[in-house]
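This report covers one model.

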Amino acid sequence: MKILINGYCGHMGREVARLAADGFCGCTAAFGADVNAPAGDPVCARDLKDARTDVDVVVDFSHHTCTAALLDFCTTHGLPLVLATTGQTPEERAMIRAAADRIPLFFAANYSVGIALLIRLAVQTAKALPDAEIEIIEQHHDRKLDAPSGTALAIADAIRTVRPDAENNLGRSGTGKRTKSEIGIHAVRMGNTVGTHEVIIGTGSQTITLKHEAHDRALFAEGALSAAAFLCDTAGGKPGLYGMEDMLGKTD
């Protein structure tokens, strides 16, 4: 499996390239595109339009503002895409859905298998305790640009599949009582925290706390390459919008 990494020179891009060089998930070669690439780099192009197209799949760890150019590149060349960047605007999300009609596209707010399991458990708990109050706390390093994290929002979105009347309350402030229907979401930014997500579900008589801590960014690179292999093998080149549930297997 030959891959093209968009955002090759970033922290995550370098981690993906390292794993690819070790042959993770059957990788045989990794090329890149990044505005910060050295001039004349034979492996990494400075402009995506000049990047290698003789690859099997594209893995993106860049910035959401690259969404339009990235989708145009992949649909033009018929390349499957693993989109591992968060913070997309509603307009960019609409572009992603449209592109999935033309190419296999894997899109997840978080590429950790542990987070996927956390989401499953949060949904099951929220369903079993329909009157419980729910709060989500996420922590990341001080360089993260979007808040709350895409993962925290994804957890809340998943909970709303069993709590359709729930509404997000981002970074609660001001005066007024907490409503029963709200899902409080709080963002903490400090130091080099890789990523921690905590879901607190309480009824007044009991509290269930679900927590996932990422200790090394390698887990996200591993997940993205696993998703790339899924698109190339299991999805078989079939256009569609895929996610962690598809890769892990859906449950009732």
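Leaving aside its neighbours within four places in sequence, Asn 110 is in contact with Ile 115, Thr 151, His 197, Phe 220 and Met 244. Contact here means heavy atoms within 4.5 Å. The model is predicted: local features need pLDDT of at least 70, side-chain atom pairs count only at pLDDT 80 or more, and totals for chains, interfaces and linings use all residues. Residues are numbered from 1 along each chain as its sequence is written, and side-chain values use heavy atoms, with hydrogens and water left out.

**Asn 110**

Asn 110 sits in the loop between strand 6 (104–107) and helix 4 (113–128). Helices (H or I, at least four residues) and strands (E, at least two) are DSSP runs, numbered from the N terminus. Is Asn 110 buried or exposed? Asn 110 counts as buried because its relative accessibility is 10%. Buried means under 20% relative accessible area, exposed over 50%, and partly exposed in between (1.4 Å probe, protein chains only).

The side chain of Asn 110 makes a polar contact of 3.1 Å with the side chain of Thr 151. A polar atom of the Asn 110 side chain also lies 2.8 Å from the backbone nitrogen of Ser 112. A polar contact is a pair of N or O atoms within 3.5 Å; within protein, one must be able to donate a hydrogen and the other to accept it, and residues adjacent in sequence count only if both atoms are side-chain atoms.

Two strands pair if DSSP finds at least two bridges between them. Strand 2 (29–33) and strand 3 are parallel and share two bridges. Gly 32 has Cys 44 of strand 3 as its bridge partner.

Five strands form another open sheet, ordered 8-9-7-10-11, with mixed pairing. Strand 8 (167–170) and strand 11 (207–214) each have a single partner strand, so one side of each is left without a neighbour in the sheet. The twist averages 15° from one strand to the next. Strand 10 (195–202) pairs with strand 11 in the antiparallel sense over eight bridges. Gly 202 bridges to Thr 207 in strand 11.

**Helices on the sheets and on each other**

Helix 4 lies across strand 7 (133–140), strand 10 and strand 11, at about 170° to strand 11. Axes are lines fitted to C-alpha atoms, for helices over the stretch in contact, and angles run from 0 to 180 degrees between N-to-C directions.

| Helix pair | Axes | Angle |
|---|---|---|
| Helix 4 and helix 5 (150–159) | within 9 Å | roughly 35° |
| Helix 1 and helix 6 (218–232) | 9 Å apart | about 65° |

Helix 4 meets helix 5 through residues including Ile 115 and Leu 118 on one side, and Thr 151 and Ile 155 on the other. The residues of this contact are nine nonpolar, one polar and no charged. Ala, Val, Leu, Ile, Met, Phe, Trp, Tyr, Cys and Pro count as nonpolar, Asp, Glu, Lys and Arg as charged, and the others, Gly among them, as polar.

Helix 1 meets helix 6 through residues including Glu 15 and Arg 18 in helix 1, and Phe 220 and Glu 222 in helix 6. This contact divides into eight nonpolar, no polar and three charged residues.
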